[in-house]
Amino acid sequence: MTGTASVGLVAMFAVDVADLYFITLLGDQRLVAAVGYAGTLLYFLLSLGIGLQIALGALVARAVGTGDSEVAGQYCSSALIVNAVVAALVAAFAWFRLPELLGLLGADGVTLDFALSYAYIQLPVVPLLILAMSLSSGLRAVGDARRSMMGTIYAALANAALDPLFIFGFGWGIEGAAWASVVARIVVFAYAARCLFHIHRLPRPVSLTTLGRHIPAIAVIALPAVLTNLATPLGGSLVLRIMSQFGDGAVAAIAVMARLTPLVFAAVFAVSGAIGPIVAQNAGACRYDRVRR
């Protein structure tokens, strides 16, 4: 579970580093700083998705452990619906308040314009990305770590291939990097959805009554998980706000470090994602001896 997740995360983070490297080749520090501002805001939404997917993975894995595939499928559907609605609402708020939000981080002038161009392209697919993360969590919940990994790898390959084409070949600059990321989000969503719906046939139809009954169970896990995951981007945004006083060069440096750090700690992130489904499945099966081990 950890090994496959590590490979997928390394692929994703490595492409993020390459993405930023291609932007530096354009020779304008303001572009790198713009990615730093927009990336920090998008990381808030990504952290929201991480918290939401934890609830889906825990509930589905626990139901799988009890051997009740129908309940597992209903929890999966309910969590996907809740995650999609929450992601859409938050992304819509960010879209309409984007200049103000980036301004709070310290972006201004031409750098703000670049950041807006980058973020406006990526924001509409944020709900799709959060759903893709949730679908991948569902794959891990049923023990299919390999397919969860492959979705991330395919997305990373698409992003790596399209980055130089869109940035330099088509001359789209920073907007080309954003469009390459959009295609990557679509790829991982399509692959994960195909695996969960057509191979595992996990999501099941749910009524409004069932959905209403599941929401409290989802919220009990999702709310603390979301708050926990929002702590990191919140701290990062405060640092970015302070560094913005020292100019675009300082913000660009923060942007570079923000892309390198996850690459170094990919295995640590992978462990945290691997533990949940294993514990939940065995808890569902009342195998607390295995949970303790």
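User: Is Glu70 buried, partly exposed or exposed?

Analyst: This is a predicted model, so the answer rests on computed values. Buried means under 20% relative accessible area, and exposed means over 50%. Glu70 has a relative accessible area of 36%. That makes Glu70 partly exposed.

User: Which residue forms a salt bridge with Glu70?

Analyst: The closest N and O atoms of the pair are 2.7 Å apart. Glu70 lies in helix 3, and its partner sits in the loop between helix 8 and helix 9, so the pair ties together parts that are 134 residues apart in sequence.

User: In the salt bridge of Arg147 with Asp144, which residue counts as buried?

Analyst: The closest N and O atoms are 2.8 Å apart. Arg147 is at 22% relative accessibility and counts as partly exposed. The cut-off for buried is under 20%. At 9%, the buried residue is Asp144.

User: Which helix gives the most to the lining of the second largest pocket?

Analyst: The pocket holds about 180 Å³ of space. Helix 2, helix 4 and helix 9 each supply at least two lining residues. The top contributor gives four residues, and it is helix 9.

User: How many residues of that lining are nonpolar?

Analyst: The lining includes Phe44, Leu101, Ser237 and Arg241. By class, two residues are polar and one is charged. The nonpolar count is seven.

Terms used. Residues are numbered from 1 along each chain as its sequence is written. This is a predicted model: local features need pLDDT of at least 70, side-chain atom pairs count only at pLDDT 80 or more; totals for chains, interfaces and linings use all residues. Side-chain values use heavy atoms; hydrogens and water are left out. On a 1 Å grid over the protein atoms alone, a cavity is a set of points where a 1.4 Å probe fits but cannot get out, and a pocket is an open set with protein on both sides within 12 Å along at least five of seven lines; lining residues have an atom within 4 Å of a point. Grid points are joined across faces, edges and corners, and a volume is the space filled by probe spheres set on the points. Ala, Val, Leu, Ile, Met, Phe, Trp, Tyr, Cys and Pro count as nonpolar, Asp, Glu, Lys and Arg as charged, and the others, Gly among them, as polar. A salt bridge is a side-chain nitrogen of Lys or Arg within 4 Å of a carboxyl oxygen of Asp or Glu. Buried means under 20% relative accessible area, exposed over 50%, partly exposed in between (1.4 Å probe, protein chains only).
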